[in-house]
Amino acid sequence: MSFPLLTATAVLPALGAIATAAVPAARRTAAKWLALIVSLATLVLAAVVLVRFDPDGDRYQLTESHAWIKDFGVRYELGVDGIAVAMIALTALLIPFIILAGWHDADPLETGSRRWRPTQGFFALILLVEAMVIISFEATDVFLFYIFFEAMLIPMYFLIGGFGDRAHEHGEKAASTQRSYAAVKFLLYNLVGGLIMLAAVIGLYVVAGNFSLTEIAEARANGTLDMATNTERWLFLGFFFAFAVKAPLWPLHTWLPNAMQESTAPVAVLITAVVDKVGTFAMLRFCLQLFPEASTWATPAILVLALISIIYGALLAVGQRDIKRLVAYASISHFGFIVLGIFAMTSQGQSGATLYMVNHGISTAALMLVAGFLISRRGSRLIADYGGVQKVAPVLAGTFLIGGLATLSLPGLAPFVSEFLVLVGTFARYPVIGIIATVGIVLAALYTLVLYQRTMTGPVKAEVEGMPDLRVRELVVVAPLIVLLIFLGVYPKPVTDIVNPAVKQTLSDVQKKDPQPEVEASK
């Protein structure tokens, strides 16, 4: 029996979460180091998954399958394709940086007081989210996927509501109220989406007789499972609704700005760079494979929603006064690009969308974590409270600029390649939508450069004088992310080589081929 590598990659952070939570209350530093070591060990396992995966081999590799609930045909079934491998690697890569960046976020609020924040619980919840996200990327049983798709809401609820940002202009009481509101809103939106998906999961079982993604997709392909058109479309809408909430896609996005605003910067990164990727990943894995006809049928409407997300998110980012809300609306715009690439139904679009998920995770982590370091120094999230930071903290300002330039997809940085592929892939099949989507690039340049100009340049404000530059721990967090942004911006081939075969198979599921370019016949 071969070693269950995929199970180990998900179980290790789960066991680490339990061990971290069990560390005695007085040993807060030990709990932090334990969480960091477990996250690094998980990264090693994810690297092994990456090395052992053969892009030219079978579609799903490193598979595991065991009976779970026999009466209902539920199996513990895991397997990864190129897209899943890329997302597991992204998750495992970001968690150590999230832990390091949040090293003091759960320390006691007041020295010598009884107002403690459970440090062990904070880091245990982060590891628990990592475990659930990884197994969501691995699951090829629809019911198994659904269990963890919903279960990750619980630790995220406590991370948002119980460990919120301390920088609040109206004091701790108002901050506590806002955190509770953001956590409840996050939970309710995602629970509603999950309940609708549950109805669709049950409907899929009634139609197919099992929950195995591979078996259902194979039956759909060879014609042994003939699903009525209306049934397929209703089931597709149930799945897509839940994924659109998680993604988040307009108009189901409104929970994200509140959640990111009230969370600590590392938790905000966990939300948008890790957890939200499960939604867009699931669109590729489940919507397109299980419901190919319905995916094609819904494409025009979804493209419009994606286009609205791109423009709407960018426009609202331009007008934000709060740094975190600006990054949140920018992420909504970026998720619009990802969904646009998925449903453009071209190899360039879907490869770009998958690459976008990876690059957005890295660029958003870089920008938001540096923003978190900035906010922790000044104690304010408001853009107007800053000015002239580059004169007193040049390294902080420089890393903030690189993160911002990556967010606006500057050529030479990783997001440019993915955004370019999405737009090329969209334009090949839907030229009008591709042209309109480019407006999002212009708006991204506007909100990013205005943010940098207002916070980092100009006269040094009195409250900013004496602000310390990035410390060693903070540089350890930011420097590797910047190196990755530059490396993948110049040489994205390591990622595209992994995801491209999976993208071709996904396009084959929906029976789509790339449009051939029209070449005028030579005279």
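1. Helix α5 passes α12 in a left-handed crossing, meaning the near helix is turned anticlockwise from the far one by less than a right angle. A heads-up before going on: this is a predicted model, where local features need pLDDT of at least 70, side-chain atom pairs count only at pLDDT 80 or more, and totals for chains, interfaces and linings use all residues. Residues are numbered from 1 along each chain as its sequence is written, and side-chain values use heavy atoms, with hydrogens and water left out.

2. Who touches whom here? On the α5 side the contact (heavy atoms within 4.5 Å) is made by Val142, Phe145 and Phe149, and on the α12 side by Val278, Ala282, Phe286 and Leu290. Sorted by class, that gives seven nonpolar residues, no polar and no charged ones; nonpolar here covers Ala, Val, Leu, Ile, Met, Phe, Trp, Tyr, Cys and Pro, charged is Asp, Glu, Lys and Arg, and the others, Gly among them, are polar.

3. Of its 20 residues, 18 are buried, so α3 is largely enclosed by the rest of the structure. Buried means under 20% relative accessible area, with a 1.4 Å probe and protein chains only.

4. Leucine 413 sits in the loop between α17 (394-407) and α18 (414-429). Buried or exposed? Leucine 413 is buried, at a relative accessible area of 8%. Beyond its neighbours within four places in sequence, leucine 413 is in contact with Ile402, Leu405, Ala406, Leu485, Ile486 and Gly489.

How values were computed
Helix = DSSP H or I, 4+ residues; strand = E, 2+ residues; numbered from the N terminus. Buried < 20%, exposed > 50% of the residue type's maximum accessible area, 1.4 Å probe, protein only.
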